[in-house]
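Hello,

Here is the structure for you to look over. My notes on it follow below.

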Amino acid sequence: MAAAKKTLVIVESPSKAKTIGKFLGSRYKVVASVGHVRDLPKSRLGIVLPEEMKEGEEAFDPQYINIRGKGDLIKELKKEARNASKIYLATDPDREGEAISWHLAFLLGIDKDAPCRVVFNEITSKTVKEAVKNPRPIDQSLVDAQQARRVLDRLVGYQISPLLWRKISRGLSAGRVQSAALKIICDRENEIRAFVPEEFWIIEADFKKDKKFTAKLATCKGSKLEIKNEQEAKDILEALSKGNYIVGEVEEKDRVRKPAPPYTTSSLQQDAANKLNFSTRKTMMVAQQLYEGLDIKGHGTGGLVSYIRTDSVRISDEARMAAKEYITEKHGADYYGGTVFANKKKDVQDAHEAIRPSRVELTPDEIKDQVSKDQYNLYKLIWTRFIASQMAPAQLKAVSALIENGDYGFRATGSKILFKGFLEVNPPAKNGEEDKELPELTKGEQLEPVDLRNEQNFTQPPARFTEASLVRDLEEKEIGRPSTYAPIVATLMDRKYIKKEKKNLVPTDLGFTVIDMMSEFFKEIVDVGFTARMEEGLDDIEAKGVRWKKIIEDYYEILKEELEEAGNAIPVVEASVELTGEKCPECGKDLAIKHGRFGSFIACTGYPDCKYTKPIVETIGVKCPKCGGDIIAKRGRKGRLFYGCSNYPKCDQAYWDKPSGKMCPQCGSMLVEKKGRNAGLACSNKECNYKEESI
């Protein structure tokens, strides 16, 4: 008797497939597409240009191909599809996920207008089972919105980047959002370099009445006071020494401080950068792990947070009720606020909720010993922000006192917390304004200063961007989308257009060279306002059903004109070249360090006439256990870092993880450094299980 056919469910990642498979049981087969299965070809533009159309083609048709290396996977998916009673496409609930489902439907012969698409905002047993009961057709507007972005970015990247290669250096790239972001960073650096600091002085007085407090000199004869030099400060101090300090007007105001809304992708990236020192890339990687599911003792396997790519601050009624129940039970009814947050603008991504815990009762403390440190810290950030968002506002009494001495007025401010509200779970930073409480001051009473001081200061230039502040700026200018912020920063770093100094993003000489050329010849591409208007047009495809090729047509007319002018007019620019001091063995010209897709390498300055290259040898201070040669860091054909013997090919010793130089006490093999959740030293011999917990 033939086995009963199962319902096939296709998701994106193997870890997600494993989690969902446990929820759905034996009547379902859950498999992973491992991301996209079809895409534009890497070796060519892959888009039909209007001037190159052939019969039967339409302008801007994408020429999709099966992704190289996915052949066996596609065969397996087709086999599973043939043996399935029904097929559900359960990729991520966004444009990218919709496009992956659309491509899968094409490959597997699924009618995209049939109810084949399953979406869920969080990976829990209840939501997944409910979603499977309510499939829908593939949303073509979402697909078209993704296609438009993909085609637009390809047109920009694949047509401008070769100009950069020809005129500056190979391995460079331009991008619709990437170039606008680089322009923002370079413009800020130019502001900093052009900044001329101005001197100013401040005068402060410390008083003591029951407790010590500080007041700052603010006015002279009722007008704002600015002290521009030391002599002015000395003259004022002398005048103050002759007078008395009398309390003037004392104002008390009740103030309400409302909680912040739950996280969106960008606000999570900003807070994780500021509070946890996470890069945007790391934030998204850890958040993805929390979303896809972890096994928590006593709670089973499931996603810990809702979908992590969202612009929305909205939450479901179910999540609001769960928060209400938790807050009321733990803190009391007075602490529940139940604020309904609205988005600043009507956004097409509002179909998603804000980022929140999937199960409110699963507190950070409960998972602390079962997940990695990074997972715990990010979950705590998300959980705390969500719970606080649903709590009552804090109630404070703000106090402002004027302390007068002749013509001069000092201002002292403070506040007192009357009711903590959400600050109970999400307290303010130490030394914040809520920590400053003034003593009881009465109009007309005289005070004696315990200290009076002046201090020289200078106006400061604008701050350099950090990853957090750049994300905030991109969001405010409506450039890019949450899912693009992390790749933008990573690409700019990989291309050596910017570098990190502590937390700051600093443009390199190469970055300035590229953006100067882009600003001169591709003004629209790097224009922040134009890029934001394009984002709005792309959103209209999804929200208003605008024909996606019309958006591309309008953009391409501008791009084509700029490309034609640039191709002829761009001068050959010498980017700052770092010479090695060596000569090319093939043509005798200087060798220089170049930067490519997979890192730095040495190449002949005579390119393209001479194509000589050689890798940069990076020793790590470890000797090869086989032959005694140096172990060096290398890059594989696909750019992956590994460690191999400098005597290759005579010696083939190699490691994927960095060798430590220490040998295993059990088997004598090299110990290598492991990162992530299982960080520490481990034996490189697969048959040996020796490990050390910390490096």
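**What turned up in the model**

In β17, Pro 507 is the bridge partner of Ile 498. That contact belongs to a pair of strands, β16 (residues 498–501) and β17 (residues 504–507), which run antiparallel and share four bridges. The two strands make a hairpin, with two residues between them. Lys 502 sits in the turn and has a positive phi of about 60°.

Before going further, please note that this is a predicted model.

**Overall picture**

The protein has 695 residues, and 47% of them count as buried. It holds 18 helices and 29 strands. The C-alpha trace spans about 95 × 75 × 65 Å along its principal axes.

Most residues other than glycine have a negative phi.

Lys 496 has a phi near 65°, a positive value in a residue that is not glycine. Lys 496 belongs to the loop between α14 (482–494) and β16. Its relative accessibility is 32%, so Lys 496 counts as partly exposed.

Asn 277 is not a glycine either, and its phi is positive, at about 60°. You will find Asn 277 in the loop that runs between α8 (265–276) and α9 (280–292). Asn 277 is exposed, because its relative accessible area is 55% and the cut-off for exposed is over 50%.

**A four-stranded sheet**

In what order do the strands of the open sheet of four run? The order is β22-β23-β24-β25, and the pairing is antiparallel. β22 (618–623) and β25 (654–655) are the edge strands; each has a single partner strand, so one side of each has no neighbour in the sheet.

β25 pairs with β24 (residues 641–645) in the antiparallel sense, over two bridges. Tyr 643 stands opposite Tyr 655 in β25.

**Salt bridges**

The count comes to 49 salt bridges. Side chains of opposite charge can pair when their charged atoms come close.

Start with Lys 16 and Asp 92. Their side chains meet in a salt bridge, 2.6 Å from N to O. Lys 16 lies in helix α1 (residues 14–24), and Asp 92 lies in the loop between β5 (84–89) and α3 (95–108), so the pair ties together parts that are 76 residues apart in sequence. Are the two partners, Lys 16 and Asp 92, buried or exposed? Both are buried.

Next come Arg 117 and Glu 98, whose side chains meet in a salt bridge of 2.9 Å, N to O. Glu 98 is in helix α3 and Arg 117 is in the loop between α3 and α4 (125–133), so this pair ties together parts 19 residues apart in sequence. Both Arg 117 and Glu 98 are buried.

Then Lys 126 and Glu 318. The side chains meet in a salt bridge at 3.0 Å, N to O. This pair links distant parts of the chain: Lys 126 is in helix α4, Glu 318 is in helix α10, and they are 192 residues apart. Lys 126 counts as exposed, because its relative accessibility is 58%.

The network joins seven side chains by name: Arg 95, Arg 149, Asp 153, Arg 176, Glu 535, Asp 539 and Glu 542 are linked by salt bridges.

Which residues form the negative surface patch? They are Glu 325, Glu 329, Glu 361, Asp 365 and Glu 366. The elements that give two or more residues to the patch are α10 (317–331) and α11 (364–367). Glu 325 lies in helix α10. Its relative accessibility is 58%, so Glu 325 counts as exposed.

**One more residue**

Lys 560 lies in helix α18 (residues 548–569). Its relative accessible area is 29%, so Lys 560 is partly exposed. Lys 560 and Ser 13 are 547 residues apart in sequence. In space, Lys 560 and Ser 13 are 38 Å apart, C-alpha to C-alpha.

Best wishes

Note on methods
Residues are numbered from 1 along each chain as its sequence is written. This is a predicted model: local features need pLDDT of at least 70, side-chain atom pairs count only at pLDDT 80 or more; totals for chains, interfaces and linings use all residues. Side-chain values use heavy atoms; hydrogens and water are left out. Two strands pair if DSSP finds at least two bridges between them. Patches are made of residues with over 30% relative accessible area and no salt bridge: like charges are joined within 9 Å, nonpolar side chains (Val, Leu, Ile, Met, Phe, Trp, Tyr) within 5 Å. Accessible areas come from the Shrake-Rupley method with a 1.4 Å probe; for residues, only the protein chains shown count as cover. A salt bridge is a side-chain nitrogen of Lys or Arg within 4 Å of a carboxyl oxygen of Asp or Glu. Lys and Arg count as positive and Asp and Glu as negative; His and the chain ends are not counted. The place of a charge is taken as NZ of Lys, CZ of Arg, CG of Asp or CD of Glu. Buried means under 20% relative accessible area, exposed over 50%, partly exposed in between (1.4 Å probe, protein chains only).
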